[in-house]
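Here is a report on a predicted model. Please look over the sequence and the structure before reading on.

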Amino acid sequence: QTISALKEHMGRVIVVSNRLPVSASYDADKDNWTFTMSSGGLVAGLEGVKKKLPFLWIGWTGQVIPKEQQKKFEEQLLAQHNCIPVYLDEKVAEEFYNGFSNGVLWPLFHYLLEESGSSYREHLWKSYLTANQAFADVVSKTMRATDLVWVHDYHLMKLPEMLRKMQPAVRLGFFLHIPFPTSEIYQIIPVRNALLQGVLNCDMIGFHTYDYARHFITACSRLLGCETTPAGVHYEGKFIPLVISPVGIDPDKFENELRTDAVQKIIGDFQTSFKDKKVFLAVDRLDYIKGIPHRLRAFQLMLETYPEWRGKAILIQVAVPSRTEVEQYKKLKIEVETLVGHINGEYGDLDYQPIHYLFKSTPFPELCALYRISDAALVTSIRDGMNLVAQEYIACQNEKHGILILSEFAGSASSLSGAYLVNPWNTHALADAMHDAITMTDEEKKGRFDVLSKYIHTHTACNWGESFIKDLDRVSKASALINKT
Ligand code: GDG
């Protein structure tokens, strides 16, 4: 069944995520808002669904919109982007977003106990609940009985339960974009039962990998005493199926960009600048889950162990500023910049800088050109739900067949066979992997690349979004029927 056929019986797809996919600016002279669309993985994943089905996106604006401007803001946002805003008061937003979501859940779900354990506070949890209720109120006011509501990620784990109370018949799905940790770790959080009960109010729950789903099932069984099967969880008289659905990218977007004259020119410039060099590339938000210090130390060890690469191998590290107000991110920035300074000071000279470090977002054309010209990508997160950079690198490589060095701890390691898998905590193994990547035979490189390229073209973002919606439609129809009988 094609997704367009769903139109016959269903209303709209309502996507709910913490942030709306647009940022807004106001021109007071013209009393006019302009919106810039952001380009995250979720935006790409929903592209197909948006074109084929009536669609709405509900989320927080991420900025304060003065009361007197809200009416105009809402009208324009709806007309131009099918988006509906959730407003949060500044203190609630800070405690819900920086405090609880990014200060407690994010580190815990990525197995970072030190960063998480000490930051749990009762008032942060209260703000998380207040914010989730604010989302539930907007969704409840907006939705109609035939709509499908698809909630995203760790910021909104209580929303399904709150919405279910207000709209018992709502057809509701949830997708977790980050890892769900083993229950041994998960059970640390004081509100462990409340969070599970929150998402179990959905008709279907999605994860990137089989392991995340397995961990979730174990947590439901051990902590809530639910009956479970490998396919899902029994909760309050209903069976909630889990789906394993690793998100993809839109490879065409990258391939089309690479064909433009502008990008071809940038590629030419980079090739001149980095002539006779082997280029390693890393692209991440500056986040402690991405293993940036581990990677820098391994690069240093490679220069130490294989001195033939001194003067000849460089690492370009794009580190996009992220969550800059959170203490751990400030500390990480200092650690990374100290290491970069140390390695460049130690191994560089007047004609050679080993690490090119950029603390800024790179424009899309430059990003594609960097993916294209580099000999190997380093995706060496210490934990990562999936990681889309790994796939984007492959989409841009083409006949160059560069090597993807990929952490065993990234969700994408489960699907990207063909990648060179490493344990980022093993500095020696990572240093050796770097050396191997730039000395590998063309034949092996091509073999690995062909497998990866086939995968990213068959498991696209668009397929991901469409298949989730189709599955959710099917299971929520079935559960509605069971509930009636
Ligand atoms: C979360 C999970 C999961 C990065 N730097 C620049 C730039 N980017 C773009 C990349 C990519 C995106 O940002 C990053 O996506 P990731 O998947 O790698 O990582 P998270 O932001 O941590 O995302 C993750 C994802 O959700 C989806 O479910 O895969 O595991 O943590 O698209 O291209 N884009 C531009 N300039 C940059 O400098 N233009």
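Val 13 has Leu 148 of β6 as its bridge partner. The two strands concerned, β1 (residues 13-19) and β6 (residues 148-152), pair in the parallel sense over 4 bridges. Pairing here requires that DSSP finds at least two bridges between two strands. Strands are DSSP runs of E, at least two residues long, and helices are runs of H or I, at least four residues long, numbered from the N terminus.

β1 and β6 belong to an open sheet of 9 strands with mixed pairing, in the order β5-β4-β1-β6-β7-β8-β11-β10-β9. Its edges are β5 (83-86) and β9 (228-229), and each pairs on one side only. Helix α5 (residues 122-142) lies across β1, β4 (55-60), β5 and β6, at about 145 degrees to β5. Helix α9 (residues 210-224) lies across β8 (204-207), β9, β10 (232-235) and β11 (238-244), at about 155 degrees to β11. Axes are lines fitted to C-alpha atoms, for helices over the stretch in contact, and angles run from 0 to 180 degrees between N-to-C directions.

## Basis of the model

This is a predicted model: local features need pLDDT of at least 70, side-chain atom pairs count only at pLDDT 80 or more, and totals for chains, interfaces and linings use all residues. Residues are numbered from 1 along each chain as its sequence is written.

## The six-stranded sheet

A second open sheet is described by the order β14-β13-β12-β15-β16-β17; it has 6 strands and parallel pairing. β14 (355-358) and β17 (420-422) are the edge strands, each pairing on one side only. Direction ignored, neighbouring strands are turned by 20 degrees against each other on average. Strand β16 (residues 403-407) runs parallel to β17, joined by 3 bridges. Ser 407 stands opposite Val 422 in β17.

Helix α16 lies across β12, β15 (376-379), β16 and β17, at about 165 degrees to β17. Ala 431 sits in α16 (residues 427-437). Ala 431 counts as buried because it has 21 C-beta neighbours inside 10 Å. The cut-offs are 20 or more other C-beta atoms within 10 Å for buried, 12 or fewer for exposed, and partly exposed in between, with C-beta atoms placed from the backbone. Beyond neighbours within four places in sequence, Ala 431 is in contact (C-beta atoms, placed from the backbone, within 7 Å) with Ala 298, Leu 301, Met 302 and Thr 305.

## Packing of α12 and α13

Helix α12 (residues 292-305) packs on helix α13 (residues 327-347) at about 10 degrees, with the axes 10 Å apart. The two are therefore roughly parallel. That term covers angles under 35 degrees. α12 contributes Ile 292, Pro 293, Leu 296, Gln 300 and Leu 303; α13 contributes Glu 335, Val 336, Leu 339, Val 340, Ile 343 and Tyr 347. These residues divide into 9 nonpolar, 1 polar and 1 charged. Nonpolar means Ala, Val, Leu, Ile, Met, Phe, Trp, Tyr, Cys and Pro; charged means Asp, Glu, Lys and Arg; the others, Gly among them, are polar.

The ligand has 19 residues around it, and His 177, Thr 362, Gly 385, Met 386 and Leu 388 come nearest. Near means a C-beta atom, placed from the backbone, within 6 Å. The shell divides into 10 nonpolar, 6 polar and 3 charged residues.

How many residues of α14 are buried? The count is 7 of the 10, so α14 is largely enclosed by the rest of the structure. Its cover includes α10 (251-259), α11 (261-273), β12, β13 and α15.

Notes:
Angles under 35 degrees count as roughly parallel, over 145 as roughly antiparallel, 65 to 115 as roughly perpendicular and the rest as oblique. Two residues are in contact if their C-beta atoms, placed from the backbone, lie within 7 Å.
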